[in-house]
Amino acid sequence: MSDLFTFEELDVDGAIQETASKVDPHTRGAFLRNAGLGIGALAGAGALIGALPSIASAATPASDVAILNFALTLEFLESSFYGEAVKKGALKGETKTFATVVAGHEAAHVATLKGALGSSAIKEPKFDFQGTTSNQAKFEATAEVLEYTGVHAYLGQVGNIKSKAVLSAAGSILPVEAWHASWIADLRRHGAKPYPAPTAFASGLTMAQVLTAVKATGFITAS
């Protein structure tokens, strides 16, 4: 898709650059280059849920705060996407049920992450879903991409989490995102290949890969 925004417009608070430097300051340059941030990007990962500790305490590593904000960005995207789809009322049957259930999950993820991050939480971007929330076929296709991206993105950050409390809470959401992905994949294909559980192992995505993928949707219009 075309570049609808610049990095400076999206990264108003410097959250993406801060995430890159805190997670691995030695690879910050490569992170930004590989993500294509010269022309703009915004990121996400699967959400975290459960008894997330407040990060107001200095005991939480700065890199974990950055990862939680990384997760929050995609949760903002998913929550807005599903919430808008439910509000528009164009979905039918089990797809409508799926959207309603997942909208509740994603809203809970956003609330939990924001509560844990407090004043450290990034600002919610503005979105334009380009008609995908009012057309059932487009909604299903988009939802599948978002859910599988979330699973791979979240999995890619598990090994970077330093706090046991954050890691424990994080582990509670990964299977939920996978369930979402399997549910929508089954709805789209009704048992045809590729199956909802297509492989024995899942791979993680780097932050740079997720940044590039989310930017390519063109859904984020501004911060």
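Visitor: Which residues in H5 meet which in H6?
Guide: On the H5 side they are Thr95, Phe98, Ala99, Val102 and Glu106, and they meet Gln136, Phe139, Glu140, Ala143 and Glu147 in H6. Contact means heavy atoms within 4.5 Å. Helices are DSSP runs of H or I with at least four residues, strands are runs of E with at least two, and both are numbered from the N terminus.

Visitor: How do the residues of that contact divide?
Guide: Into 5 nonpolar, 2 polar and 3 charged. Ala, Val, Leu, Ile, Met, Phe, Trp, Tyr, Cys and Pro count as nonpolar, Asp, Glu, Lys and Arg as charged, and the others, Gly among them, as polar.

Visitor: Where do these numbers come from?
Guide: This is a predicted model, in which local features need pLDDT of at least 70 and side-chain atom pairs count only at pLDDT 80 or more, while totals for chains, interfaces and linings use all residues. Residues are numbered from 1 along each chain as its sequence is written, and side-chain values use heavy atoms, with hydrogens and water left out.

Visitor: Back to the helices. At what angle do H5 and H6 pack?
Guide: H5 (residues 93-117) and H6 (residues 136-158) pack at about 40°, and their axes are 12 Å apart. That makes H5 oblique to H6. Axes are lines fitted to C-alpha atoms, for helices over the stretch in contact, and angles run from 0 to 180 degrees between N-to-C directions. Under 35 degrees counts as roughly parallel, over 145 as roughly antiparallel, 65 to 115 as roughly perpendicular, and the rest as oblique.

Visitor: Left-handed or right-handed, when H5 passes H6?
Guide: The crossing is left-handed: the near helix is turned anticlockwise from the far one by less than a right angle, whereas clockwise would be right-handed.

Visitor: What about H4 and H5, how do their axes cross?
Guide: At roughly 150°, coming within 8 Å. H4 also passes H5 in a left-handed crossing. The residues of the contact of H4 with H5 divide into 15 nonpolar, 5 polar and 4 charged.

Visitor: Switching to rings. How many aromatic pairs does the structure hold?
Guide: There are 9. Rings of Phe, Tyr and Trp (its six-membered ring) pair if their centres lie within 6.5 Å; planes under 30 degrees apart count as stacked, over 60 as edge-to-face, and the rest as tilted. Tyr82 and Phe139 form an edge-to-face pair, 5.9 Å centre to centre with 80° between the planes.

Visitor: Which helices hold Tyr82 and Phe139?
Guide: Tyr82 lies in H4 (residues 62-88) and Phe139 in H6, so the pair ties together parts that are 57 residues apart in sequence. Tyr82 counts as buried at 0% relative accessibility, and Phe139 is buried at 0% as well. Buried means under 20% relative accessible area, exposed over 50%, and partly exposed in between (1.4 Å probe, protein chains only).

Visitor: And Phe127 with Phe129, what sort of pair is that?
Guide: A stacked one, 5.6 Å centre to centre with 15° between the planes. Phe127 is buried at 18% relative accessibility, and Phe129 at 2%.

Visitor: Which residues form the aromatic cluster?
Guide: Phe81, Tyr82, Phe98, Phe127, Phe129, Phe139, Trp183 and Phe219 form one cluster.

Visitor: Last one. How much of the chain is buried?
Guide: Of its 223 residues, 45% count as buried.
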